[in-house]
Amino acid sequence: MRTVKEVAELTGISVRTLHWYDEIGLLRPSAHSEAGYRLYDDKAMERLQQILFFREFDVPLGTIRAVMDNPALDTQAIWRTQRQMLVQKAARLARQIEGIDGILKGENDMDFEVFKREDIEDFYRAQVACMTPEVERAIEERFGGMEGYHDYFMEQAAGEQAQREYQKMVEWYGGREEMREALLHPQGTDIMRAYGSRIDAAIQKLAAKRGEDVGTFAVKEIIGEYEFLLRRLLRFKNAKEILLRQAETLGKGGESAARIDKRFGEGTAAFMARAIGAFYGM
């Protein structure tokens, strides 16, 4: 058995963090000493190691707890998931190192092309296949027909700026093939509607907390749920940047903030912006 102090020294995390993990039910001590101090056995240390792996990738505490407490998952499945996350991170770092090496050698003609023209043609066909008749009619009116929209789509999606955006999106999806698969096979209408309802419910719960401290666990748990649903809806591996962009937009007011306030109550947008910032420690 190890004491809190010994675990903190061994792992490098603070005693306060271990106490917090206990309070939220993420990592319970294995036992308590006669004096009431927390004690941790090897099984608890293994769970802590898994938690720290997830935290390395900025996975919210609420999501970690939901994953690790899922009876359908065994320990091996968690380790396989974490291994895949590390492999993807290693691949991204390798690409970044390769790019920097090229710059150091004077090779500044960096290639930003992520998807070829044939890929983008596939994305166009997948998008058109999912269009409702109403959307298709609106596009035909604006572009003078689907051919006009096709030319516009290809010009925009194949440009250098779009390729730079694809590079960032590849990180959000967790890989180029994952992004390609998501764009070629978008979520069905029923699934999107279901996730939309759950996201609305999460925002409604957040709205009910207006006026409270955004640093409380109750508020952070709602943002964790919102982030999880958004990632599942968009099929992203990482939604941190998306949410921080949303927080910045909502914090400035404007149409997006007005829509949120109209639907969920005055002040919800500003509160949501602060809550997202607090969730990521910004």
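In strand β3 of this predicted model, the bridge partner of Arg-2 is Tyr-40, where strands (E, at least two residues) and helices (H or I, at least four residues) are DSSP runs numbered from the N terminus. Strand β1, residues 2-3, runs antiparallel to β3, residues 38-40, and is joined to it by 2 bridges; two strands are taken to pair if DSSP finds at least two bridges between them. The open sheet comprises 3 strands in the order β1-β3-β2, with antiparallel pairing, and its edge strands, β1 and β2 (31-32), each pair on one side only. Residues are numbered from 1 along each chain as its sequence is written. Because the model is predicted, local features need pLDDT of at least 70 and side-chain atom pairs count only at pLDDT 80 or more, whereas totals for chains, interfaces and linings use all residues; side-chain values use heavy atoms, with hydrogens and water left out.

The protein contains 15 helices and 3 strands. Of its 282 residues, 36% count as buried, that is, under 20% relative accessible area, with exposed meaning over 50% and partly exposed in between (1.4 Å probe, protein chains only). The protein exposes about 17100 Å², of which carbon and sulfur atoms supply 51%; accessible areas come from the Shrake-Rupley method with a 1.4 Å probe, and for residues only the protein chains shown count as cover. Among contacts with a separation of 6 or more, 63% are accounted for by residues 24 or more positions apart, a contact being defined by heavy atoms within 4.5 Å.

A search of the whole structure finds 11 salt bridges, each defined as a side-chain nitrogen of Lys or Arg within 4 Å of a carboxyl oxygen of Asp or Glu. One of them joins Asp-42 to Arg-2, with the closest N and O atoms 3.6 Å apart. This pair links distant parts of the chain, since Asp-42 lies in helix α3 (residues 42-56) and Arg-2 in strand β1, 40 residues apart. Asp-42, at 61% relative accessibility, counts as exposed, whereas Arg-2, at 31%, counts as partly exposed. A further salt bridge connects Asp-22 with Arg-28, the closest N and O atoms being 3.1 Å apart, and here Asp-22 counts as buried, at 9% relative accessibility.

The side chains of Glu-225 and Lys-205 also meet in a salt bridge, at 2.7 Å from N to O. Because Glu-225 lies in helix α12 (residues 217-234) and Lys-205 in helix α11 (residues 189-207), the pair ties together parts that are 20 residues apart in sequence. Both residues are partly exposed, Glu-225 at 28% relative accessibility and Lys-205 at 40%. Elsewhere, salt bridges that share partners join Asp-22, Arg-28 and Arg-38 into one network.

Helix α11 also holds Gln-204, which is partly exposed, with a relative accessible area of 41%. Gln-204 and Thr-268 are 64 residues apart in sequence, yet their C-alpha atoms are 9.0 Å apart in space.

The largest nonpolar core has 29 residues, of which Ile-199, Leu-206, Tyr-226, Leu-250, Met-272 and Ile-276 touch the most other members; a nonpolar core is a set of buried Ala, Val, Leu, Ile, Met, Phe, Trp, Tyr and Cys residues joined through side-chain atoms within 4.5 Å. At least two residues of this core are supplied by each of α11, α12, α13 (240-251), α14 and α15 (268-279), and α15 gives the most, with 8 residues. Leaving aside its neighbours within four places in sequence, Ile-276 is in contact with Ile-223, Leu-243, Leu-244, Gln-246 and Ala-247. Apart from this core lies another, of 22 residues, among them Leu-26, Met-45, Phe-57 and Leu-61.

In helix α14 (residues 254-264), the buried residues are Ala-257, Ile-260, Asp-261 and Phe-264. Seen down the axis of α14, these residues fall within an arc of 95°, so they line one face of the helix, the arc being that of the directions from the helix axis to the C-beta atoms. An α-helix has 3.6 residues a turn, so residues three or four places apart point the same way. On the other side of α14, Glu-255, Arg-259, Lys-262 and Arg-263 are exposed. Just after the helix, Gly-265 takes a positive phi of about 115°.
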